[in-house]
Amino acid sequence: MLFKKILIANRGEIALRIIRTCKELGIDTVAVYSEADKDSLHVLFADEAVCIGPSSSQESYLKIPSILAAAEVTGADAIHPGYGFLAENAEFSEICNDSGIKFIGPDPEMINKMGDKALAKETMKNNGVPVVPGSEGAVKDVKEAIKIANEIGYPVMLKASAGGGGKGMRIVKEESELETNFQMASSEALASFNNGELYIEKFIENPHHVEIQLVGDQFGNVNHYGERDCTIQRRHQKLIEESPSPIISESTRQKMAEAAILGAKSVNYEGAGTVEFLVDSNENFYFMEMNTRIQVEHPVSEMVNNVDLIKEQIRVAAGEELKPLARGQVGHAFEFRINAEDVENGFRPSPGVIENLHFPGGFGIRIDSHIYNNYVIPPYYDSMIAKLIVWADTRNEAILRAKRALEEFTVTGIKTTIPFHLDVLENEKFLKADYDTSFIDQLYNNKE
Ligand code: MV4
């Protein structure tokens, strides 16, 4: 049997996304919400809702005792953390399971192993997954960093063991710059993550970020759902994702999927997860990080696989055995993140009231969103207000469909990233899939 009642420890579109799947599985749902979110759709659409505190995330969506108390008073037998907030918090995973409430995600040991990026990389390397040349795990001091940099050659990159997603990263072009960068990166990491440990690797010029979606069960089976190309980012915030990646061959695609499955099986990975790779211009790929959560961009993989990944995630958490995929990936999908941001002013947040809203529709269009007419976007949380997901047979057809959908999409009262996406869809380089990580900086002329 699956669960009877799932508490969703999240807000916004992902809370709604999870509630929808629970309903289709006949599972009751409990929403939790902060005071700022009392009029949110996830509160309205769940079977029950519990206020867990004031507006600040620290005092609500991140407050473990309040969430546990909400689960206990409502009799929830599982908690889905969504993404962000407590999704990769080992302590939360442990406390849930100790309280007899199933955490829909990996156990605390797995979260810790993958959360330590230097350890995760070392683990993958030891199991035969290709990694960027560099230190074995963390480096102990500047001296060791210099020694390794001389072996692998400049430019190199310093990364925080406790970082991830680009925080605490530094490029070093030559030996004379290493010591100061090392000290700065280390104290930054210490201040942000309470852990100053760094590892070092060769800097890969203008890579693509390509990630493989996986789900593992309790019997050692791991399915893969193809890859997503997440290279269109600004300051480590993804803006557009697509599947399949337009820059890799069928043979690279298969090798990456095999490497991801090898890595996941070698750690007995359970649940939904993503193995991120850097891909260089020669299609060499290197393990970068493993995320132990469902990600924002999971719908891209759902569309090309015709699979509800949240359903799979809930099933494996309940102890069901995965079945091999009935088919491979079909067609092409994009996700466009619609953020309440003023693109012309450095993507500055633009919270406020949605005055007039019209969602696009028609064949191949999917909207995952919690907004509605007169909804007030609170200033306390992230600025994503909708995801437009587009599916079509080919990349070109998906682009044409995306363009007409973005033209139909109406949001007034606030600034959004819709005009940004329309610009990208006119860009020759994007159309030819000739883009890399510097794409947005070049488009908007705003290098960090
Ligand atoms: C790198 C890199 C180049 N060489 N590592 C790591 C976290 C991720 N968000 C960005 N990361 C990078 N790691 C080495 N050894 C370049 C990046 C990078 C990047 C990668 C993919 C897509 C966009 C990016 C934007 C800036 C930096």
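Is threonine 416 buried or exposed? At 9% relative accessibility, threonine 416 counts as buried, because buried means under 20% relative accessible area. The legends below visit this residue and several other places in a predicted model.

**Figure 1. Threonine 416 sits in the loop between β22 (410–412) and α13 (418–424).** Start with the side chain of threonine 416: one of its polar atoms lies 3.1 Å from the backbone nitrogen of isoleucine 418. Now look for partners from elsewhere in the sequence. Leaving aside residues up to four places away, threonine 416 touches Ile338, Asn339, Glu341, Val343, Ile385 and Val411. With a relative accessibility of 9%, threonine 416 is a buried residue.

**Figure 2. Glycine 82 is a buried residue in the loop between β4 (78–80) and α4.** How much relative accessibility does glycine 82 have? The value is 2%, so glycine 82 counts as buried. If residues up to four places away in sequence are left out, glycine 82 touches Asn10, Ile14, Ile18, Ala87, Arg293 and Ile294.

**Figure 3. Helix α1 (residues 12–24) packs against helix α11 (residues 309–317).** The angle between these helices is about 65°, and their axes are 9 Å apart. That angle makes α1 roughly perpendicular to α11, because 65 to 115 degrees counts as roughly perpendicular. The crossing of α1 and α11 is right-handed. On the α1 side, the contact is made by Arg17, Ile18, Thr21, Cys22 and Glu24, while α11 brings Leu309, Ile310, Lys311 and Ile314. Sorted by class, the residues of this contact between α1 and α11 are five nonpolar, one polar and three charged.

**Figure 4. Helix α3 (residues 64–74) crosses helix α4 (residues 90–98).** Here the axes come within 11 Å and cross at roughly 30°. So α3 is roughly parallel to α4, as angles under 35 degrees count that way. The crossing in which α3 passes α4 is right-handed. Which residues meet in this view? Ile64, Ile67 and Leu68 come from α3, and Glu91, Phe92, Ile95 and Cys96 come from α4. The contact of α3 with α4 has six nonpolar residues, one charged residue and no polar ones.

**Figure 5. Helix α4 also meets helix α5 (residues 108–115).** The axes of α4 and α5 come within 8 Å and cross at roughly 175°. The two helices are therefore roughly antiparallel to each other, since angles over 145 degrees count as roughly antiparallel. To find the contact, pick out Ala90, Ser93 and Glu94 of α4, then Pro108, Ile111 and Asn112 of α5. These residues of the α4 and α5 contact divide into three nonpolar, two polar and one charged.

Figure 6. Most peptide bonds are trans. You can find proline 155 in the loop between α7 and β6 (156–160). Proline 244 belongs to the loop between β11 (237–243) and α9 (250–266).

**Figure 7. Two asparagines have a positive phi.** Most residues other than glycine have a negative phi. For asparagine 306, phi is near 55°. This residue, asparagine 306, is in the loop between α10 (298–305) and α11. Asparagine 306 counts as exposed because its relative accessibility is 65%. For asparagine 374, phi is near 70°. Look for asparagine 374 in the loop between β19 (365–369) and β20 (376–377). Asparagine 374 is exposed as well, with a relative accessible area of 56%.

**Figure 8. Lysine 143 is an exposed residue in helix α7 (residues 142–152).** Its relative accessibility is 71%, so lysine 143 counts as exposed. How far apart in space are lysine 143 and tyrosine 372? From C-alpha to C-alpha, lysine 143 and tyrosine 372 are 56 Å apart, and in sequence they are 229 residues apart.

Notes
Residues are numbered from 1 along each chain as its sequence is written. This is a predicted model: local features need pLDDT of at least 70, side-chain atom pairs count only at pLDDT 80 or more; totals for chains, interfaces and linings use all residues. Side-chain values use heavy atoms; hydrogens and water are left out. Axes are lines fitted to C-alpha atoms, for helices over the stretch in contact, and angles run from 0 to 180 degrees between N-to-C directions. Helices (H or I, at least four residues) and strands (E, at least two) are DSSP runs, numbered from the N terminus. A crossing is left-handed if the near helix is turned anticlockwise from the far one by less than a right angle, and right-handed if clockwise. Contact means heavy atoms within 4.5 Å. Ala, Val, Leu, Ile, Met, Phe, Trp, Tyr, Cys and Pro count as nonpolar, Asp, Glu, Lys and Arg as charged, and the others, Gly among them, as polar. Buried means under 20% relative accessible area, exposed over 50%, partly exposed in between (1.4 Å probe, protein chains only). A polar contact is a pair of N or O atoms within 3.5 Å; within protein, one must be able to donate a hydrogen and the other to accept it, and residues adjacent in sequence count only if both atoms are side-chain atoms.
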